[in-house]
Amino acid sequence: MKSRDSLVRLKEFQVNEKRRQLQQLQMMMAEFERMAKELEYQIGLEEKKSGITDPNHFAYPTFAKAARQRADNLQVSIRDLRIQQEAAELAVEESQAELEKATALEERDGTMRARA
């Protein structure tokens, strides 16, 4: 009845919230990947300008060294976000299953009321 209807609305909200969180993770990953590519491009330009591509060389450009560190940090963050994305995908699936159960219960109750 009313409580089942409220339960279904709650489950729908939870599914939508989990999907929104998943989408945010995906957008963050895409932004981090874009930033890492831009840094790699800038590193390449700096190395080409200096003629030194070995980060361990004493005259390796400071900017390239710092940009490489930032790019590496972004890659670590992307890996962490992928783990979070997998967990978020599972949470969406679980919420969707709970919504389907609640919807089935509501439909069953509606069918029983119609028979009575």
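**Labels and their grounds**

Author: Arg-68 has a relative accessible area of 24% and is therefore called partly exposed. Buried means under 20% relative accessible area, exposed over 50%, and partly exposed in between (1.4 Å probe, protein chains only). This is a predicted model, in which local features need pLDDT of at least 70 and side-chain atom pairs count only at pLDDT 80 or more, while totals for chains, interfaces and linings use all residues. Residues are numbered from 1 along each chain as its sequence is written, and side-chain values use heavy atoms, with hydrogens and water left out.

Reader: What makes Glu-47 and Arg-68 a salt bridge?

Author: A salt bridge is a side-chain nitrogen of Lys or Arg within 4 Å of a carboxyl oxygen of Asp or Glu. The closest N and O atoms of Glu-47 and Arg-68 are 2.8 Å apart, so the pair meets the cut-off. Glu-47 lies in helix 1 and Arg-68 in helix 2, so the pair ties together parts that are 21 residues apart in sequence. Helices here are DSSP runs (H or I, at least four residues), numbered from the N terminus.

Reader: Is Glu-47 buried or exposed?

Author: Glu-47 counts as buried because its relative accessibility is 12%.

Reader: How many salt bridges does the structure hold?

Author: The structure holds 6 salt bridges. Among them is the pair of Glu-98 and Lys-11, whose closest N and O atoms are 2.9 Å apart. Glu-98 is in helix 2 and Lys-11 in helix 1 (residues 2-50), so this pair ties together parts that are 87 residues apart in sequence. Lys-11 counts as buried at 15% relative accessibility, whereas Glu-98, at 36%, counts as partly exposed.

Reader: What separates Arg-20 and Glu-17 in helix 1?

Author: Arg-20 and Glu-17 are 3 residues apart in helix 1, so about one helical turn separates them. They form a salt bridge as well, with the closest N and O atoms 2.3 Å apart.

Reader: Why is Ser-95 called buried?

Author: Ser-95 has 7% relative accessibility and therefore counts as buried. Ser-95 is placed in helix 2. Leaving aside residues up to four places away in sequence, Ser-95 touches Gln-14, Val-15 and Lys-18, where contact means heavy atoms within 4.5 Å.

Reader: Why is Glu-93 called exposed?

Author: The relative accessible area of Glu-93 is 53%, so Glu-93 is exposed. Glu-93 is located in helix 2 (residues 62-115).

Conventions:
Helix = DSSP H or I, 4+ residues; strand = E, 2+ residues; numbered from the N terminus.
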